[in-house]
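The paragraphs below take up the surface, the strands and the charged pairs in turn.

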Amino acid sequence: MTRTWFITGASRGLGRAFTVAALEAGDHVVATVRDPHALDDLAAERLLVLPLDVRDRKQVFDTVAEAYTFTGSFDVVVNNAGFGLVGAIEELSEDQIRDQMDTNFYGALWVSQAAVPLLRNQGSGHIVQISTVGAVGSLPLFGLYNASKWALEGFSASLADELRPFGIKVTIAQMGGFDTDWAKTSMKFAEGDPAYQEVRSAILGMPDYPTPEVVAAYVAEAQAAQAEPAESAEPAEGEWIEAAPEVGAAALLELVNDPNPPLRKIIGPGAQTMVAMALDQRRLDYATDPEFTWPA
């Protein structure tokens, strides 16, 4: 049966891969982007591209209503729009913090609020929140990114319980490493404080945050490496592995094809190991409390 998707942040990376995969599956897609020409090369009768800045609540509600009027139904709503912010908590400005939360957290919240009444009236639908393994644990310099995704998961878990009686499913997709612009040109950095040079060296492999020129050089090097045959090797435990966005898109299709999808789904190579490590660290933290017993 042909489905209708509503996907945010569809211009590149995982969002674009989700859009392409849904179209190739024969489905209809409403893809929202900041740049209305970002998907001109995907011109198709089953694709509707709408401009949207998810930080603008009124624009979100208007765009969702416009899309629903055009399509008549939503089967899958994918909250994908987001970006990475790197910086020690002390280093981040108010504008950077608000932009991170407005995009990664409030953007998904506004889309969910706008879509839920429509899904509830039609008595069906599946909301997929694109989260990360970083919403299970934490990492120095990624505190606000972690916070935005922890907040996303918090309201989404409650949303799942609220919507279950109406036949609406909610899944939190905890994504691992994918070869997208998230860690390249899309990532934003704080103004570096010298006090955190050792932390930056440990986490980023450099004492200072990269300049745009350094990021561009890294992207060029990565593209050159992709053109060469890859050597097969087993990843080390806890190693961060990047897969092609198409791998994540295929997993998402499998997820929405599941008649009984889970609340949380780990997607990506090495992602299960990362989640296990984060949960084990939490177990160790709680184990210091003599009155607490971890469930068997």
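Which residues make a nonpolar surface patch of about 300 Å²? The patch is made by Y286, F292 and W294. Patches consist of residues with over 30% relative accessible area and no salt bridge, where like charges are joined within 9 Å and nonpolar side chains (Val, Leu, Ile, Met, Phe, Trp, Tyr) within 5 Å. F292 lies in the segment after α8 (271-287). F292 counts as partly exposed because its relative accessibility is 33%; buried means under 20% relative accessible area, exposed over 50%, and partly exposed in between, with a 1.4 Å probe and protein chains only.

The model is predicted, so local features need pLDDT of at least 70 and side-chain atom pairs count only at pLDDT 80 or more, while totals for chains, interfaces and linings use all residues. Residues are numbered from 1 along each chain as its sequence is written, and side-chain values use heavy atoms, with hydrogens and water left out.

The chain has eight helices and 11 strands. These are DSSP runs numbered from the N terminus: helices are H or I with at least four residues, strands E with at least two. Of the 296 residues in the chain, 43% are buried. The chain exposes about 15,400 Å², and carbon and sulfur atoms supply 54% of that area; accessible areas come from the Shrake-Rupley method with a 1.4 Å probe, and for residues only the protein chains shown count as cover. Among contacts (heavy atoms within 4.5 Å) between residues at least 6 apart in sequence, 71% join residues at least 24 apart.

β6 pairs in the parallel sense with strand β4 (residues 76-79) over four bridges, and N79 has Q129 as its bridge partner. β6 also runs parallel to strand β7 (residues 168-175), joined to it by eight bridges; here V128 stands opposite T171. Two strands pair if DSSP finds at least two bridges between them. With helix α4 (residues 143-163), β6 and β7 make a right-handed β-α-β unit: with the strands pointing away from the viewer, the path from the first strand over the helix to the second runs clockwise.

N79 also touches T8, which sits in the loop between β1 (4-7) and α1 (13-24). T8 counts as buried because its relative accessibility is 1%. Not counting residues up to four places away in sequence, other residues that T8 touches include T32, V54, V78 and V111.

Side chains of opposite charge can pair when their charged atoms come close. The structure holds 13 salt bridges, each a side-chain nitrogen of Lys or Arg within 4 Å of a carboxyl oxygen of Asp or Glu. One joins D27 and R3 (3.1 Å, N to O). D27 is in the loop between α1 and β2 (28-33) and R3 in the segment before β1, 24 residues apart; both residues are buried. Another joins E91 and R200, with the closest N and O atoms 2.8 Å apart. E91 lies in the loop between β5 (85-86) and α3 (94-122), and R200 in helix α5 (residues 197-204), 109 residues apart. E91 is buried, at a relative accessible area of 10%, and R200 counts as buried at 1% relative accessibility. Salt bridges also link R34, D53, R55, D99 and K188 in a network.
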